[in-house]
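Please take the sequence and the three-dimensional structure together and follow the explanation below from one part to the next.

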Amino acid sequence: ALPDASTAEEGQTWVFKDEGGVANTNNIFVSAAAGQTIDGRTQVTLESPYASIQIYTDGVDKYYIF
């Protein structure tokens, strides 16, 4: 899970990447901290081989995909 957004700096980013190319059989789950969201959802799933996602925080209580 991502850390609580309030413990990160506004604009701080994270990159998640399926470097092994097996996300289609071993999904990668990226979860927001309890009570927080990633673009309105509590969790994002990488399901495609070599998939990636970039996320940034508002430094308060939300994460966004860019």
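Three aromatic pairs are counted in this predicted model, where rings of Phe, Tyr and Trp (its six-membered ring) pair if their centres lie within 6.5 Å, and planes under 30 degrees apart count as stacked, over 60 as edge-to-face and the rest as tilted. The pair of Trp14 and Tyr63 is edge-to-face, because the ring centres are 5.6 Å apart and the planes stand at 65°. Since Trp14 belongs to strand β1 (residues 13-17) and Tyr63 to strand β6 (residues 62-65), this pair ties together parts that are 49 residues apart in sequence. Helices (H or I, at least four residues) and strands (E, at least two) are DSSP runs, numbered from the N terminus. Trp14 counts as buried at 17% relative accessibility, and Tyr63 is buried with a relative accessible area of 0%; buried means under 20% relative accessible area, exposed over 50%, and partly exposed in between (1.4 Å probe, protein chains only). Elsewhere, Tyr56, Tyr64 and Phe66 form one aromatic cluster.

A word on conventions is needed here. Residues are numbered from 1 along each chain as its sequence is written, and side-chain values use heavy atoms, with hydrogens and water left out. As the model is predicted, local features need pLDDT of at least 70 and side-chain atom pairs count only at pLDDT 80 or more, whereas totals for chains, interfaces and linings use all residues.

Apart from neighbours within four places in sequence, the contacts of Thr57 are Ala5, Ala8, Glu9, Glu10, Gly11, Gln12, Trp14, Lys62 and Tyr63.

Side chains of opposite charge can pair when their charged atoms come close. A search of the whole structure finds one salt bridge, defined as a side-chain nitrogen of Lys or Arg within 4 Å of a carboxyl oxygen of Asp or Glu. That salt bridge joins Lys62 to Asp61, with the closest N and O atoms 3.4 Å apart. Lys62 counts as partly exposed at 33% relative accessibility, and Asp61 counts as partly exposed at 33%.

What surrounds Asp18, which is buried yet has no salt bridge? Asp18 is found in the loop between β1 and β2 (28-31), and its relative accessible area of 5% is why it is classed as buried. The nearest side chain of opposite charge, Lys17, is 7.2 Å away; Lys and Arg count as positive and Asp and Glu as negative, while His and the chain ends are not counted. Beyond its neighbours within four places in sequence, Asp18 is in contact with Ala23, Ile28, Ser48, Pro49, Tyr50 and Ala51. A polar atom of the Asp18 side chain lies 2.8 Å from the backbone nitrogen of Ala23, and a polar atom of that side chain lies 3.0 Å from the backbone nitrogen of Tyr50. Tyr50 itself lies in the loop between β4 and β5, and its phi is near 65°, a positive value in a residue other than glycine.

A positive phi, near 50°, is also found at Asp39, a residue other than glycine. Asp39 is placed in the loop between β3 (37-38) and β4 and counts as partly exposed at 42% relative accessibility. Asp18 and Asp39 are 21 residues apart in sequence and 20 Å apart in space, C-alpha to C-alpha.

The loop between β1 and β2 also holds Thr25, which counts as exposed because its relative accessibility is 60%. Thr25 and Ala8 are 17 residues apart in sequence, and their C-alpha atoms are 32 Å apart in space.

Terms used
Contact = heavy atoms within 4.5 Å. Polar contact = N/O pair within 3.5 Å; in protein donor to acceptor, adjacent residues only side chain to side chain.
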